[in-house]
Amino acid sequence: MQVVLLAAGQGIRLKEIHDNLPKTLIPLGDLALVDYIYESLRAYLKEPLVVVGGYAHDKLEKHFQSKGYFHTFSLNPDYLKGNLLSLLSVKNKVTDSFFIMNADHAYSSQIMSQIMALDEKVFDGVAIVCDHDRKLTDDDMKVQLKDDGTFQVMDKKCETYNLGYIGVTYVPKKLHAAYWKACDEVLHTFGEKANVEMVVNY
């Protein structure tokens, strides 16, 4: 099992408080946001965490190195475009079942243990991790289900929805070919502004 951490974005909406740092390095108490993410993942990493940087990537890489984190770092020079390009930039590094995680979400150890347990289950499809017990804002990714409880669509603009996406997608190894094909189709259809969440809809 591998984990890909998408950490290339600028964090424009937080610009006033992060002083030209990657948003993952914004301090929360005594640690940076990414430290909470890494610490919740540490026990599950059998392979290096695959980190995709972009904006102020040198600061992010220096932070990982200073902490001695078990990781491999990749640069997405097209970080001003959609984050699907970040994922595709590390396609050749992903050889096992993998989690895609947005680097601006932090999870408790209890939630992370439930997320990582997905790797022990058998899926006929890709899994997205959602919750149902918080009030969603306009900027939250919303998930609408069909009447039979199966997935219908994920989008920030859903007028009706059942769940909130929490920034984690799981792709079983047996579905690599289908998933990467879907990535290519989404990129071809929507162009370089395409994001990872669009792939699930496809």
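This is a predicted model: local features need pLDDT of at least 70, side-chain atom pairs count only at pLDDT 80 or more; totals for chains, interfaces and linings use all residues.
Which exposed residues does the face of H3 turned away from its buried side carry?

**Entry 1: helix H3**

I began with the inward side. H3 spans residues 57-67, and its buried residues are Leu 60, Glu 61, His 63 and Phe 64. I then checked how they sit around the helix: they lie on the same side of H3, because their arc around the axis is only 155 degrees. Back to my question: Lys 62, Gln 65 and Ser 66 are the exposed residues on the face turned away from that buried side.

Next I asked what the buried residues of H3 pack against. I got strand S1 (2-7), strand S3 (31-32), helix H2 (33-41), strand S4 (49-53) and strand S5 (71-75). I also looked just past the end of H3, where Gly 68 has a positive phi of about 70 degrees.

Is Ser 40 buried or exposed? It is buried, at 11% relative accessible area. A polar atom of the Ser 40 side chain lies 2.8 Å from the backbone oxygen of Ile 37. Leaving out residues up to four places away in sequence, I found Ser 40 touching Tyr 107 and Met 112.

**Entry 2: a nonpolar patch**

I went looking for greasy surface and found a nonpolar patch made of Leu 28, Leu 31 and Tyr 36. Together they have about 230 Å² of accessible area. Leu 28 belongs to strand S2. I put Leu 28 down as partly exposed because its relative accessible area is 40%, which falls between the 20% and 50% cut-offs.

**Entry 3: Lys 23**

Lys 23 sits in the loop between helix H1 (15-18) and strand S2 (27-28).

**Entry 4: salt bridges**

How many salt bridges does a search of the whole structure find? It finds 8.

- Arg 42 pairs with Glu 39, and their closest N and O atoms are 2.6 Å apart. Arg 42 is partly exposed at 41%, and Glu 39 is partly exposed at 41%.
- Glu 192 pairs with Lys 81, with 2.9 Å between the closest N and O atoms. This pair links distant parts of the chain, 111 residues apart. Glu 192 is in the loop between helix H6 (176-190) and helix H7 (196-201), while Lys 81 is in the loop between S5 and helix H4 (84-88). I have Glu 192 as partly exposed at 43% relative accessibility, and Lys 81 as partly exposed at 32%.
- Asp 140 pairs with Arg 134, the closest N and O atoms being 3.5 Å apart. Asp 140 is buried at 19% relative accessible area, just as the under 20% cut-off requires, whereas Arg 134 is partly exposed at 33%.

Last, I looked for shared partners. Asp 78, Lys 81 and Glu 192 are joined by salt bridges into one network.

Technical notes. Residues are numbered from 1 along each chain as its sequence is written. Side-chain values use heavy atoms; hydrogens and water are left out. Buried means under 20% relative accessible area, exposed over 50%, partly exposed in between (1.4 Å probe, protein chains only). Helices (H or I, at least four residues) and strands (E, at least two) are DSSP runs, numbered from the N terminus. The arc is that of the directions from the helix axis to the C-beta atoms. Contact means heavy atoms within 4.5 Å. Patches are made of residues with over 30% relative accessible area and no salt bridge: like charges are joined within 9 Å, nonpolar side chains (Val, Leu, Ile, Met, Phe, Trp, Tyr) within 5 Å. Accessible areas come from the Shrake-Rupley method with a 1.4 Å probe; for residues, only the protein chains shown count as cover. A salt bridge is a side-chain nitrogen of Lys or Arg within 4 Å of a carboxyl oxygen of Asp or Glu. A polar contact is a pair of N or O atoms within 3.5 Å; within protein, one must be able to donate a hydrogen and the other to accept it, and residues adjacent in sequence count only if both atoms are side-chain atoms.
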